[in-house]
Amino acid sequence: MRIGLLTSGGDAPGMNAAIRAVVRQADALGSEVIGIRHGYQGLVDQDWRPLASRACANILQRGGTILHTARCQAFFDPAVRAKAAQDLWTAGIEALVIIGGDGSFTGADFLNREHGIKCAGIPGTIDNDLPGTERTLGFDTALNTAVEAIDRIRDTASSHDRLFLVEVMGRRSGMLAVHTAIACGAEAVLYPESEEDTYESLVRQLKSNWDRGKRSSIVVVAEGDQAGSAAMRGDIGSAAVDIGERLKKDYEMDLRVVVLGHIQRGGSPSALDRIWGSRWGCEAVRRLVAGERAFYLGTDAGQMVARPMSYVLEPRPEPPRELGALVPVLSR
Ligand code: F6P
């Protein structure tokens with residue numbers, strides 16, 4: 001079988017582990033992998049070439065993706081997908097492995113339903129916001145990166161008696177924010193799925209902490225929080241300005257903002273991201289070779305699972321409410 005392989009959407013640590021596994025498992029089963037560069041854009045441009053086992057040496061421990069990635073708006077156009085599918089058939093590529101997030105899997109679902117291209121998805125996004133899996137490649141690494149960074153910020157926060165707002169990634173999901181907040185002992189977390197995390201309640205909590213003698217605080221803010229991100233960006237509201245305004249009358253809290261940004265996306269993958277990248281890569285190829293047509297992999301209760309590709313349209317998972325609720329309790 002000739003299998004096309006692409007990474008799509010934001011890069012995530014562990015993607016290279018999955019690429020290596022797909023190529024080597026295919027090799028072991030007598031199949032061939034064609035590496036497609038720059039995600040779906042490379043499909044459109046036929047920017048592809050065979051990927052051999054030896055070309056995947058020493059990539060397991062590297063962040064990013066050796067295949068490069070992109071967000072391809074053109075692929076939402078049915079005519080563009082039809083042309084891409086025709087090009088795949090012409091090149092003898094009858095199946096695709098897509099490593100990416102929900103947008104990437106939605107494209108794969110179309111390609112399968114409209115044109116019969118077999119598609120296997122491997123979850124890869126630091127946001128960990130795919131339905132049907134409790135884990136995605138990159139989340140564990142990004143979480144550890146954010147926690148390590150905030151541990152450093154904590155040193156300054158406590159030395160200078162400061163309040164820090166630290167923005168972590170997560171355009172539509174608070175998964176990274178809530179887990180980071182627990183793991184770094186944050187005083188509060190603001191994230192898109194929570195209605196209760198208003199500025200009023202946050203300021204009340206910060207004032208009560210101050211009155212009880214707590215002089216430094218870390219507030220983790222998800223990039224996509226509905227009240228606006230930590231820092232002022234264009235016409236988006238700013239948590240820093242709003243909170244600062246509410247505090248300044250009676251409380252002399254010195255406030256700083258840190259946006260962790262793309263630091264969270266890069267870096268050497270954690271052992272867990274390497275292991276799941278490897279396991280999912282092998283499983284994706286085995287299932288395609290066995291004749292499966294449209295699925296993506298994940299984990300449920302720590303075990304490997306496969307979902308129909310259309311499952312990607314189910315509601316996004318939310319961070320466990322009980323985790324968010326623990327943050328103020330644990331930081332008393
Ligand atoms: O989807 C992963 C992610 O890192 C989001 O958390 C973030 O909002 C977005 O990608 C940033 O994308 P880009 O690197 O294209 O600016």
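## About the model

The model is predicted, so to speak with its own ground rules: local features need pLDDT of at least 70, side-chain atom pairs count only at pLDDT 80 or more, and totals for chains, interfaces and linings use all residues. Residues are numbered from 1 along each chain as its sequence is written, and side-chain values use heavy atoms, with hydrogens and water left out.

## Who surrounds the ligand

Around the ligand you'll find R71, I126, D127, M169, G170, R171, E223, H262 and R265, each with a heavy atom within 4 Å of it. That shell splits into two nonpolar, two polar (Gly counts here) and five charged residues (Asp, Glu, Lys and Arg count as charged).

## Polar contacts and cover

Now for the polar contacts (pairs of N or O atoms within 3.5 Å). Polar side-chain atoms of H262 and R265 each lie 2.8 Å from an oxygen atom of the ligand. On its own the ligand exposes 400 Å², and the protein buries 77% of that (Shrake-Rupley method, 1.4 Å probe).

## Two domains

The chain is assigned domain 1 (2–138 + 269–313) and domain 2 (140–265), with bounds from an automatic or database assignment. Their C-alpha centres lie 34 Å apart. Still, 16 residues of domain 1 are in contact with 12 residues of domain 2 (heavy atoms within 4.5 Å).

Terms used:
Polar contact = N/O pair within 3.5 Å; in protein donor to acceptor, adjacent residues only side chain to side chain.
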